[in-house]
Amino acid sequence: MTTVRDWEPNQAAAIIAQHAGREGPTLLILQALQNAFGYVPEAAIPMVAQALNLSRAEVHGVFSFYHDLRDKPAGRRVLKLCRAEACQAAGGEHLVARAESKLGVAIGETTADQRVTLEPVYCLGLCATAPSAMLDGRVVGRLDDKRLDALVMEAQQ
């Protein structure tokens with residue numbers, strides 16, 4: 001399950017300061033902010049840019065490149081469906097459409113009751129057991145309609 005906390009600029013500033021001196025700090029800071037707040041608030045982008053002497057566009061470029069970084073809180077449960085080539089070849093796109101239909105949201109969205117966020121992921125390292133998914137960090141391979149339906153039901157509880 002995901003945890004979301006209210007935005008605290010002072011806490012964000014402390015997180016940024018903690019990581020600013022490290023090598024390759026932009027991604028580390030963005031990940032730390034998401035770990036702290038459950039997402040990367042838009043207000044954090046200029047703070048990161050200023051601390052690292054980067055433009056907002058440079059920080060936003062890093063933020064938008066990584067699919068795991070969110071600009072809004074996720075639902076209580078996060079169901080990720082692999083959309084990499086092996087999973088696509090094994091029927092993954094059919095399962096994406098099925099999950100979207102079952103949850104009533106498009107991939108990348110959260111259900112209206114904030115219970116489930118359906119996200120794409122681009123390789124879980126389970127190509128030999130494709131198609132695959134991840135529910136709150138637990139990976140599941142050899143998905144079929146029945147196993148996907150069970151995952152969706154589990155996510156909705």
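## Spaces, helix packing and selected residues in a predicted model

About 30 Å³ of space lies in the largest cavity, where a cavity is, on a 1 Å grid over the protein atoms alone, a set of points where a 1.4 Å probe fits but cannot get out, and where a volume is the space filled by probe spheres set on the points, which are joined across faces, edges and corners. The structure is a predicted model, in which local features need pLDDT of at least 70 and side-chain atom pairs count only at pLDDT 80 or more, while totals for chains, interfaces and linings use all residues. Residues are numbered from 1 along each chain as its sequence is written, and side-chain values use heavy atoms, with hydrogens and water left out.

**The chain as a whole**

Along the sequence, the elements of the protein chain follow the pattern α-α-α-α-β-α-α-β-β-β-α. The C-alpha atoms of the protein chain fill a box of roughly 50 × 30 × 20 Å, taken along the principal axes. Of the 157 residues in the protein chain, 41% are buried; buried means under 20% relative accessible area, exposed means over 50%, and partly exposed lies in between, with a 1.4 Å probe and protein chains only. Among contacts between residues at least 6 apart in sequence, 61% join residues at least 24 apart, a contact being heavy atoms within 4.5 Å.

**Cavity and pocket**

Rolling a probe the size of a water molecule over the atoms shows where empty space is left. A search of the whole structure finds one cavity of 30 Å³ or more. The lining of the largest cavity is formed by L81, C82, G92, L95, V96, P131, S132 and L143, lining residues being those with an atom within 4 Å of a point. Two or more residues of this lining come from each of β1 (77–82) and α6, and α6 gives the largest share, three residues. By class, the lining of the largest cavity has six nonpolar, two polar and no charged residues; here Ala, Val, Leu, Ile, Met, Phe, Trp, Tyr, Cys and Pro count as nonpolar, Asp, Glu, Lys and Arg as charged, and the others, Gly among them, as polar.

A pocket, by contrast with a cavity, is an open set of points with protein on both sides within 12 Å along at least five of seven lines. The second largest pocket has a volume of about 300 Å³ and is lined by 14 residues, of which H67, L69, R70, G108 and E119 lie nearest its centre. Both α4 (56–65) and β2 (116–121) supply at least two residues of this lining, and β2 gives the most, with three residues. The lining of the second largest pocket divides into five nonpolar, five polar and four charged residues.

**Two helix pairs**

The axes of helix α1 (residues 9–19) and helix α3 (residues 44–52) come within 10 Å and cross at roughly 35°, where axes are lines fitted to C-alpha atoms over the stretch in contact and angles run from 0 to 180 degrees between N-to-C directions. The contact is made by P9, A12, A13 and I16 of α1 together with M47, V48 and A51 of α3. In this contact of α1 with α3 there are seven nonpolar, no polar and no charged residues.

Helix α6 (residues 92–103) and helix α7 (residues 145–156) pack at an angle of about 35°, with their axes 10 Å apart. Here α6 contributes H94, L95, R98, A99, K102 and L103, and α7 contributes D145, L148, D149, V152 and Q156. The contact of α6 with α7 has five nonpolar, two polar and four charged residues.

| Residue | Relative accessible area | Class |
|---|---|---|
| T26 | 12% | buried |
| D149 | 17% | buried |
| F65 | 59% | exposed |

T26 has its place in helix α2 (residues 25–37) and, not counting residues up to four places away in sequence, touches L52, L54, V59 and V62. D149 lies in helix α7 and, leaving aside its neighbours within four places in sequence, is in contact with R98 and K102. F65 belongs to helix α4, and the C-alpha atoms of F65 and A17, 48 residues apart along the chain, are separated by 23 Å.

Methods:
Helices (H or I, at least four residues) and strands (E, at least two) are DSSP runs, numbered from the N terminus.
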